[in-house]
Amino acid sequence: MTGAPQYLLAVYILGHRDEEPIRTNAVAETLGRSPATVTETFKRLDESGLVDYEPYEGATLTDAGRERAAELHETYVTVSWFFRGVLELDDHDAEAIELAGLVSPAVAERLADTLPHPDSDTKLGIDGTDGAPTSDDPT
């Protein structure tokens, strides 16, 4: 299923910010997709048992979907941290969401081992950030 990991990950991340079900428009905005594309993907994810989708309401992860999204999230956080901390990409979140489903857990683990400050107590948030201001923050 093309793109499914990005949609699961978006619902997972948005679910930590907003009440479920997660609205189609919120996922469309997060992923830069049209609401119609999100709706079609939600329908396929519903058929696959990964989300419960209600038209005009949105999607809620099933237990299987939440488990898969949690695995994807671990990879997403690592890739986002690498893109932000090492490559200094401005749009590290969007890039990480796109790649999270393509990187194996073994590669993500090895990548995490190469990141700066592996002994740091810094914990990344659900969105892959540590809460520290970035150069594009107004503060």
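This is a predicted model: local features need pLDDT of at least 70, side-chain atom pairs count only at pLDDT 80 or more; totals for chains, interfaces and linings use all residues.
Which residues does Leu111 touch, not counting residues up to four places away in sequence? Hi everyone, let's keep that one in mind while we look around the chain.

First, the overall layout. The chain has six helices and two strands. Of the 139 residues in the chain, 36% are buried. The accessible surface is about 8,300 Å², and carbon and sulfur atoms hold 49% of that. As for contacts with a separation of 6 or more, 59% of them link residues 24 or more positions apart.

Helix H2, residues 24–31, packs with helix H3, residues 35–47, at an angle of about 110°, and their axes are 8 Å apart. That makes the two helices, H2 and H3, roughly perpendicular. The crossing of H2 past H3 is right-handed. If you'd like to find this contact on the screen, look for Thr24, Asn25, Val27 and Ala28 on the H2 side, and Pro35, Val38, Thr39 and Phe42 on the H3 side. By class, that contact has five nonpolar residues, three polar ones and no charged ones.

What about helix H1 and helix H4: how do their axes cross? H1 covers residues 4–15 and H4 covers residues 63–85, and their axes come within 9 Å and cross at roughly 90°. H1 and H4 are therefore roughly perpendicular to each other. From H1, the contact uses Pro5, Leu8, Leu9, Tyr12 and Ile13. H4 brings Arg66, Arg68, Ala69, Ala70, Leu72, His73 and Tyr76. Sorted by class, the contact of H1 with H4 has nine nonpolar residues, one polar and two charged. For the contact of H2 with H3, by comparison, the charged count was none.

Back to our opening residue, then. Leu111 sits in helix H6, which runs over residues 105–114. Leaving aside residues up to four places away in sequence, Leu111 touches Thr78, Val79 and Phe82.

Definitions and conventions
Residues are numbered from 1 along each chain as its sequence is written. Side-chain values use heavy atoms; hydrogens and water are left out. Axes are lines fitted to C-alpha atoms, for helices over the stretch in contact, and angles run from 0 to 180 degrees between N-to-C directions. Helices (H or I, at least four residues) and strands (E, at least two) are DSSP runs, numbered from the N terminus. Angles under 35 degrees count as roughly parallel, over 145 as roughly antiparallel, 65 to 115 as roughly perpendicular and the rest as oblique. A crossing is left-handed if the near helix is turned anticlockwise from the far one by less than a right angle, and right-handed if clockwise. Contact means heavy atoms within 4.5 Å. Ala, Val, Leu, Ile, Met, Phe, Trp, Tyr, Cys and Pro count as nonpolar, Asp, Glu, Lys and Arg as charged, and the others, Gly among them, as polar. Buried means under 20% relative accessible area, exposed over 50%, partly exposed in between (1.4 Å probe, protein chains only). Accessible areas come from the Shrake-Rupley method with a 1.4 Å probe; for residues, only the protein chains shown count as cover.
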